[in-house]
Amino acid sequence: MIKSPNQQAEDSDTFFAQPLHQFLTYRLSRVQAKLNTQAQRILSEAADISLIQWRIIALIGSSGDSHAGELTRRAALDKGLFSRNLKTLMKRGMVTSREDKADHRIAILSLTGDGHALYQKVLPIMRARQRALRSSMTKSELDTLHSALDKLEIAAERDDLDI
C-alpha cells in the first residue's frame, strides 16, 4: 500500500518521537560499552593490558612495522589516548619506536620480542571471543549487520546530513 505524504510524515514523527533508549546512537553506544567492558575483562585476565593497548599491539602485529599516525587513523583513536597507551607499551618493553629514514618527523612502531609473544598469546583468545559473539547471530543477520554498519559509517562521515 502506497502511503500519502501526510501518512509518511506521521510515521516519521512517530518514529522520531521515540524515547532516548530507542535512539540508534544510544543503542550502539550501550552495546559498544558492554563489548568494551567484556573485552577489557578478558584482556586484563589474559595479559594485564588494556583494550586500547591491545588494539595498538594487534594493529602492529597484523600489519608489521607501522607509522604511528596511520595506526591512530586506522584505530580511530584520539591521538592523546593513543600516545599515552603507546608510551605505556614502550615502557613495558612491548613496542619500540624509530625514526623513518625518509621523513624524520614520522615514528615507525614495531613489536619487540615480548610484544610479539603477547600478540601471539592473546590473538587466539580474542579470535575465540569473536567466534562466540558471531555465533549469537545467523549468517544472514551478520550480513545485514555489516551492511548496516557500513552505511552508518558512511553517513557518520557526511557533513551534509538532511537535518
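Let me start with a definition: a residue is buried when its relative accessible area is under 20%, exposed when over 50%, and partly exposed in between, using a 1.4 Å probe on protein chains only. By that cut-off W54 is buried, at 6%, and Y119 is buried too, at 8%.

A word on the source, everyone: this is a predicted model, where local features need pLDDT of at least 70 and side-chain atom pairs count only at pLDDT 80 or more, while totals for chains, interfaces and linings use all residues. Residues are numbered from 1 along each chain as its sequence is written, and side-chain values use heavy atoms, leaving out hydrogens and water.

So, how many aromatic pairs does a search of the whole structure find? One. W54 and Y119 are stacked, 6.0 Å centre to centre with 25° between the planes. For pairing, ring centres of Phe, Tyr and Trp (its six-membered ring) lie within 6.5 Å; planes under 30 degrees apart are stacked, over 60 edge-to-face, the rest tilted. The two residues sit 65 apart in the chain, W54 in helix 3 (residues 51-63) and Y119 in helix 6 (residues 113-134). Helices here are DSSP runs (H or I, at least four residues), numbered from the N terminus.

Now the helices themselves. Helix 3 and helix 6 pack at about 105°, axes 10 Å apart, with axes fitted to C-alpha atoms over the stretch in contact and angles running from 0 to 180 degrees between N-to-C directions. Thanks, all!
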